[in-house]
Amino acid sequence: MSSYEARFKVWRGDVEGGGLEDFEVEVNDGEVVLDIIHRLQATQAPDLAVRWNCKAGKCGSCSAEINGRPRLMCMTRMSVFTREETITVTPLRAFPVVRDLVTDVGFNYTKAREVPAFVPPEGVGPGEYRMFQEDVDRSQEFRKCIECFLCQDTCHVVRDHEENKSAFAGPRFLMRVAELDMHPLDAAAESGLDRKKTAQDEHGLGYCNITKCCTEVCPEGIHITDNALIPLKERAVDRKYDPLVWLGSKIMRRPSGG
Amino acid sequence: MATGTEPHLNSGGVRTGTRAAIDAPHLRTDRWWLAPAATAAGLLAFIVYSTWRAFANADYYSAPYVSPFYSPCLAENCKNMPSGPNADVFGSWWGISPAIIILIFPLGFRLTCYYYRKAYYRGFWASPPACAVAEPHKKYSGETRFPLILQNIHRYFFYAAIVVAGILTYDTVLSFRDTDENWGHMGLGTLVFLVNITLIWAYTISCHSCRHIVGGKLKHFSKHPVRYKAWQFVGKLNARHMLLAWASLVSVALADFYVYLLASGAFDDPRFF
C-alpha cells in the first residue's frame, strides 16, 4: 500500500464568515475524500463539522463541493486526482451554511411538503394494489433518489438566484411531481388535482431551461432531465400551450393520457 | 470562524446572504469552458455557413440533386428542377432567396429542440456556462415569460419537421436518376443524400416531443402495447439525441456543400452506375 501527503483546502467558518484553510494530510490507496476529511478531524481539526452517515453513497448526507463540483464525499475517490493537485472542499453553495461543511438544507424539506402526496385510488384497499412492471418502470427510476440534494445545489435557477427559491421547487421535487403523475395508480386527476398544470403553475417548471446540470451531478445516475423534467414539460404543454390537445380533450370528454 | 472573511450579505448569486463566504464565482479546476466554447464555435460555424448559402440564391441545383436548404422550392424565382421539389406557391412577389421560405421550419425545430436549448443557453447565453459555474445575469425567469415561453411550441415545429424530412426523402429518391432524368442510376451524391436523410430522420424521430407523442404521455403502457414499443424505440434514439443533432447538422451542411460544388462546376459527381 502506498501513501502520500495531499494538499487540501477546506472551507471553515459559519454564517458570520469564514474562508479556505490549508491542510497537508496523509492519503492511502483506495481512500475517498470523506476518509481524508475524517483523518483531518482525527489529527488536525477536531472541531471540523461534517455531515455523513453511510459511507456507501446511499444516505445522501455527505454532499459537498469538491474542486467546485457538487459531489458526495464518500463516492469521490482520491485516485481521480493527481498527487500534485490541491483539493478544495467547500459546503454546498446554494444553501445557508451552518458550520464548516454543514449546510442547512431545509429549503428542500419545505419544497417536499409543497408537493401533494400520492392520492390513493378509490375502491382499492391496502394490499390490493396491482400494477404492471412496464407501468411503474418510469416512477421506479425516480425512486432511486437518495435526496443528497446535489441536483438542487447545482441548479442555477436557485444557486445563482436566491429570489427564485420561493417559486421554484428544483429538479428533485419536479421529478417527484413527474413520478406521481406517471404513477399508474395515482388518482390525483380524479380528485381534481392536475399535476401537469400545477407543475408549471405552482412548482415553477417553466424556470427550468433544461441545461442538464442536475443529471450531470446525480450520484444515482437518474436521467432527471430526459426522463422527468422534459416529459413533465411536454405534459404541461398538453395542458397549457397546445390548442389541439386541449380541443381533443374537450371533444373526447376525458383528460389526455390513457 | 477560520479567517476574517466577512459574509457577503445580499451580494447576489452564490454569494447571497447566509451562504458560505467564498468570493470566487466558482472553484472548478477542470476545463469547464471547453464544452460551451466548442458548442458555440460549432453552432456559429453553421450559422455563418447556412446564412451565406440561404441568401446566396445560387448554385443549389445540379441534376439530379437539389440542396436540402432549397427544398421544397416554393417561389417563382426558383431554378427549374424537372420533377423536382419545386412548386410556385408564393408567386413572383417573392424577390429574395426561396430558401428563406422553407428554412424557417427546420430552423424553428432546432431552435426549440431540447438539446439545442441546452447548447445555446450554455454556449451563448452563459445561463449557466457550466455546472456550478456562476452565471453573469442578475435576473433569471427561465422559460416562464415571452419570448422564451414560446419554446413550448416545439411539437408544432416537430410536425413541420416531419413534412420537411418527407420532402428530403423524396429528393433522395430523385437522386437515383441521372442528369437526363432516367431512373436506376447512382452517384456519390446519392450516397451523400442517403446518409443525410438517414441522419435527418434519426434526429427528427429521436426528438423529446416525438417521444412524448408516441407514448410518453400515457399513464398505462400496459393498455397500449404498440405505443409502448414505439416509445421504447424512440427512447433508445432519444438517448443519442445530442449526437444525432450534431451529426444531422453537419450532414445537411455537407449535402448542401456537395450540391454547391457540383452546381458551381468545381467538382463532377462520380457516377457508380
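Me: Why is B:Asp59 called partly exposed?
Reply: B:Asp59 has 19 other C-beta atoms within 10 Å. A residue is buried with 20 or more such neighbours, exposed with 12 or fewer, and partly exposed in between; the C-beta atoms are placed from the backbone. So 19 puts B:Asp59 in the partly exposed class. This is a predicted model: local features need pLDDT of at least 70, side-chain atom pairs count only at pLDDT 80 or more, and totals for chains, interfaces and linings use all residues. Residues are numbered from 1 along each chain as its sequence is written, while chains are lettered from A and ligands numbered from 1 in the order in which they are written.

Me: Where is B:Asp59 found, and what marks its backbone?
Reply: B:Asp59 is in the loop between H1 and strand S1 (61-62) of chain B. Its phi is positive, about 55°, although B:Asp59 is not a glycine. Helices (H or I, at least four residues) and strands (E, at least two) are DSSP runs, numbered from the N terminus.

Me: What else has a positive phi without being a glycine?
Reply: A:Ile210, with a phi of about 45°. A:Ile210 sits in the loop between helix H7 (195-201) and H8 of chain A.

Me: Why is A:Ile210 called buried?
Reply: Count its neighbours. A:Ile210 has 21 other C-beta atoms within 10 Å.

Me: What makes A:Val124 exposed?
Reply: A:Val124 has 12 other C-beta atoms within 10 Å. The exposed class takes in that count, so A:Val124 belongs there. Its place is the loop between helix H2 (106-114) and H3 of chain A.

Me: How do you know that H6 of chain B is mostly covered?
Reply: Helix H6 (residues 208-216) of chain B has 9 of its 9 residues buried. Among them are B:His208, B:Arg211, B:Ile213 and B:Gly216. The buried residues of H6(B) pack against H9 of chain A, and also against helix H3 (114-123), helix H4 (154-174), helix H5 (188-205) and helix H7 (225-238) of chain B. Two residues are in contact if their C-beta atoms, placed from the backbone, lie within 7 Å.

Me: How many residues does each chain bring to the contact between A and B?
Reply: Chain A gives 57 residues and chain B gives 52. H9(A) makes the largest share of the chain A side, with 7 residues. By class, the chain A side has 20 nonpolar, 18 polar and 19 charged residues. Ala, Val, Leu, Ile, Met, Phe, Trp, Tyr, Cys and Pro count as nonpolar; Asp, Glu, Lys and Arg count as charged; the others, Gly among them, count as polar.

Me: Why is the crossing of H1(B) and H8(B) called left-handed?
Reply: A crossing is left-handed if the near helix is turned anticlockwise from the far one by less than a right angle, and right-handed if clockwise. The crossing of H1(B) and H8(B) is assigned to the left-handed class. The axes of helix H1 (residues 34-56) and helix H8 (residues 241-263) of chain B cross at roughly 35° and come within 11 Å. Axes are lines fitted to C-alpha atoms, for helices over the stretch in contact, and angles run from 0 to 180 degrees between N-to-C directions.

Me: Which residues make that contact?
Reply: H1(B) uses B:Phe46, B:Tyr49, B:Ser50 and B:Arg53, and H8(B) uses B:Leu249, B:Ala253 and B:Asp256. The classes are 4 nonpolar, 1 polar and 2 charged.

Me: How does the radius of gyration of chain B stand against the globule rule?
Reply: A compact globule of 273 residues would have a radius near 19 Å, but chain B has 23 Å. The radius is taken over C-alpha atoms, and the rule is 2.2 Å times the number of residues to the power 0.38. Along its principal axes, the C-alpha trace of chain B spans about 85 × 50 × 40 Å. Buried residues make up 42% of the chain.

Me: What does chain B contain in helices and strands?
Reply: Chain B has 8 helices and 2 strands. Along the sequence they run α-β-β-α-α-α-α-α-α-α.

Me: Which peptide bonds in chain B are cis?
Reply: One joins B:Ser71 and B:Pro72, with omega about -5°. Another runs from B:Ser127 to B:Pro128, with omega near 0°. B:Pro72 is in the loop between strand S2 (65-66) and helix H2 (99-111) of chain B. B:Pro128 is in the loop between H3 and H4 of chain B.
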